[in-house]
Amino acid sequence: MGFLRKMRNVFHDDWCSKCQSEMDVARKQLYMLPNMRVGHYVQHDDAKFYRENMIKVDSKQEIPPGIYACGMHVYRCPVCGHKAVKLSVFLPVRDAEKQEQLLYFDKGEMDDFANSL
Amino acid sequence: MAENEKLKKSNLVYILVYIFVPIIAIVICYYIYAVAEVIGAAAVALIFGPLVFAALWWVILGKPLYSMRTKKMEKELDGAGFSRNHTFVADGCTVIVDQENGKLAILFRWNPFRYYVFPASRISKTWVNDGKTGTGIFAGSSRVSFLFLVDGIKIRVNTFISNRRWAMDHKYILEGISKADMMVEVLNDARGN
């Protein structure tokens with residue numbers, strides 16, 4: 001992949017890594033991570049951790065104070081059909097959010113989980 | 001330990017000993033040095049000895065003693081069947097909540113030889129103070145804490161403290177507010193038991 005294409009993927013993570021087309025957001029879902037409490041945050045890059053620990057919630061109000069949340073975006077490329085999942089880990093604090101980590105899985109690591117929604 | 005015992009946030013004897021023992025030691029050593037006209041190694045010991053002693057005294061009797069007493073309290077609570085569901089160690093006091101049995105244990109830094117265990121129902125009010133001053137883009141804080149009233153005694157537990165002011169949306173302030181919100185919910189939950 002050329003340098004410009006790599007840069008494009010860094011700044012446009014919703015662009016397809018196969019054909020560089022802008023992907024559609026197929027689904028969005030909010031989760032909480034009850035094992036992650038404020039002051040005890042540990043960075044995880046492994047998809048398995050999220051598959052096993054995320055609990056589906058409908059809104060931020062359902063998440064108790066001090067518990068981390070995770071927003072999931074499921075992308076699908078309208079041109080080549082490639083799928084990708086973006087996870088955004090954050091601490092909800094009243095009306096604000098403290099961002100912790102942004103993860104991007106485009107090798108199918110989260111596909112089964114996303115399909116089970 | 002009596003569960004209806006009145007809380008004492010500080011122990012005057014401990015504070016006086018903490019502050020004045022090294023000062024008295026310095027005064028005595030310097031007096032001996034001046035009166036007895038000591039020379040050589042003894043003179044060096046009389047001049048620098050009390051200064052080293054004072055530094056060690058204030059350091060060892062400060063945070064390390066508080067940490068040791070906190071660990072001892074945790075051990076004793078475990079032995080007494082207290083479920084330590086939530087522990088919050090702050091600079092001024094340590095709060096441990098047993099949500100299952102609706103109990104609270106607290107140890108104050110300035111009264112480190114005595115900890116209190118009492119029913120959470122003795123708490124009459126809980127709230128969060130985000131320390132916000134200023135408005136708009138000038139809004140900021142240097143301290144976030146959660147507070148509660150036990151028999152009318154206000155106990156403040158800092159979740160964040162700094163010697164400079166931070167914007168209200170800064171990660172330090174957000175984390176402090178989140179911790180304080182969580183502890184208030186934990187305390188309210190324990191009160192409900």
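Strand β3 of chain A (residues 67-76) is a mostly covered piece of the model, with seven of its 10 residues buried. Strands are DSSP runs of E with at least two residues, helices are runs of H or I with at least four, and both are numbered from the N terminus. This is a predicted model, in which local features need pLDDT of at least 70 and side-chain atom pairs count only at pLDDT 80 or more, while totals for chains, interfaces and linings use all residues. Residues are numbered from 1 along each chain as its sequence is written, with chains lettered from A and ligands numbered from 1 in the order in which they are written.

What does β3(A) pair with? One partner is strand β1 (residues 24-37) of chain A, joined to β3(A) in the antiparallel sense over 10 bridges; pairing takes at least two DSSP bridges between two strands. Met32(A) sits opposite Ala69(A) of β3(A). Strand β4 (residues 83-93) of chain A also pairs with β3(A), again antiparallel, over eight bridges, and Tyr75(A) has Ala84(A) in β4(A) as its bridge partner. β3(A) and β4(A) make a hairpin with six residues between them, and Gly81(A) in the turn has a positive phi of about 80°.

Zooming out, chain A has three helices and five strands, which read α-β-α-β-β-β-β-α along the sequence. The radius of gyration of chain A is 15 Å, close to the 13 Å from the globule rule for 117 residues, so the chain is as compact as a globular protein of that length. That radius is taken over C-alpha atoms, and the rule is 2.2 Å times the number of residues to the power 0.38. The C-alpha trace of chain A spans about 45 × 30 × 25 Å along its principal axes, and 26% of the 117 residues are buried.

Chain B has four helices and seven strands, in the pattern α-α-α-β-β-β-β-β-β-β-α. Its radius of gyration is 22 Å, well over the 16 Å that the globule rule gives for 193 residues, so chain B is more spread out than a compact globule. The C-alpha trace of chain B spans about 70 × 50 × 25 Å along its principal axes.

Now for the helices. In chain B, α1 (residues 12-36) and α2 (residues 41-60) pack at an angle of about 180°, with their axes 9 Å apart. Axes are lines fitted to C-alpha atoms, for helices over the stretch in contact, and angles between N-to-C directions run from 0 to 180 degrees.

Strand β6 (residues 140-150) of chain B is joined to β7(B) by 10 bridges, and Leu149(B) stands opposite Lys154(B) in β7(B).

Methods: Buried ≥ 20, exposed ≤ 12 C-beta atoms within 10 Å, placed from the backbone.
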